[in-house]
Amino acid sequence: ALVALAPVLNEGYSPMMLRHQWLPDATRIALRTKRTDVAARAVQMCETEARREKPAARATAAAAHCRGLLTGDPEPVLWAAARYEAAGRPLELAQALENAAVLLAGSGRGPAAHDTLDRAARYYEALGAAWAVRRATERFDEA
């Protein structure tokens with residue numbers, strides 16, 4: 001998966017690309033494969049894109065999402081989820097909720113983690129992404 005995302009992590013590739021929409025996934029996958037260097041680069045790229053955004057919008061939410069993943073803090077990821085929800089972005093919302101649920105579970109916040117996972121699953125199911133529900137549940141169970 002990181003090989004497929006390599007162009008996104010190359011700043012010279014397609015300068016007009018909205019990288020922020022791919023960087024939370026790149027961060028998650030990099031961390032999953034123990035590539036913290038790649039995850040840190042993805043966060044840096046997302047934060048750079050967010051600084052260019054006027055007014056703050058999706059790239060800013062994605063930067064918070066990535067930062068929360070890298071630091072293991074669910075709060076920035078939940079903040080990003082709220083921004084995605086307000087903007088009507090169900091896929092990004094489901095992804096942020098999934099990641100927040102895993103981080104919450106990993107920090108011993110069981111009830112909040114379960115509620116957040118349930119919300120993520122509902123959004124994924126509405127999108128017809130049954131495979132994403134399976135992935136989210138597997139990651140949650142591992143946390």
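Colleague: How does Arg 58 count by relative accessibility: buried, exposed or something in between?
Modeller: The relative accessibility of Arg 58 in this predicted model is 23%. Buried means under 20% relative accessible area, exposed over 50%, and partly exposed in between, with a 1.4 Å probe and protein chains only. Arg 58 at 23% therefore counts as partly exposed.

Colleague: What numbering and what confidence limits apply to this predicted model?
Modeller: Residues are numbered from 1 along each chain as its sequence is written, and side-chain values use heavy atoms, with hydrogens and water left out. The model is predicted, totals for chains, interfaces and linings use all residues, and local features need pLDDT of at least 70, while side-chain atom pairs count only at pLDDT 80 or more.

Colleague: How many salt bridges does a search of the whole structure find?
Modeller: Side chains of opposite charge can pair when their charged atoms come close. A salt bridge here is a side-chain nitrogen of Lys or Arg within 4 Å of a carboxyl oxygen of Asp or Glu. Over the whole structure, the number found is ten.

Colleague: Which residue forms a salt bridge with Arg 58, and how far apart in sequence are the parts it ties together?
Modeller: The partner of Arg 58 is Glu 92, with the closest N and O atoms 3.3 Å apart. Helices (H or I, at least four residues) and strands (E, at least two) are DSSP runs, numbered from the N terminus.

Colleague: Which helices are tied together by the salt bridge of Glu 85 and Arg 119?
Modeller: The side chains of Glu 85 and Arg 119 meet at 3.3 Å, N to O. Glu 85 is in residues 74–87 and Arg 119 is in residues 110–126, so the pair links H5 and H7. Glu 85 is partly exposed at 39%, and Arg 119 is partly exposed at 28%. The helices are H5 and H7.

Colleague: What is the N to O distance in the salt bridge of Arg 139 and Glu 98, and are the two residues buried or exposed?
Modeller: Arg 139 lies in helix H8 (residues 130–142) and Glu 98 in helix H6, so the pair ties parts 41 residues apart in sequence. Arg 139 has a relative accessible area of 11% and Glu 98 one of 1%. The distance is 2.7 Å, and both Arg 139 and Glu 98 are buried.

Colleague: At what angle do H6 and H8 pack?
Modeller: Axes are lines fitted to C-alpha atoms, for helices over the stretch in contact, and angles run from 0 to 180 degrees between N-to-C directions. The axes of H6 and H8 are 9 Å apart. The packing angle is about 15 degrees.

Colleague: Which residues of H8 make the contact with H6?
Modeller: Contact means heavy atoms within 4.5 Å. From H6 the contact uses Glu 98, Asn 99, Ala 101, Val 102 and Ala 105. From H8 the residues are Ala 132, Arg 135, Ala 136, Arg 139 and Phe 140.

Colleague: Which residues does Arg 28 touch, leaving out those up to four places away in sequence?
Modeller: Arg 28 lies in helix H2. At 13% relative accessibility, Arg 28 is buried. Residues up to four places away not being counted, Arg 28 touches Leu 69, Asn 99, Arg 135 and Arg 139.

Colleague: What is the phi of Lys 34?
Modeller: Lys 34 sits in the loop between H2 and H3. At 71% relative accessibility, Lys 34 is exposed. Although Lys 34 is not a glycine, its phi is positive, at about 65 degrees.
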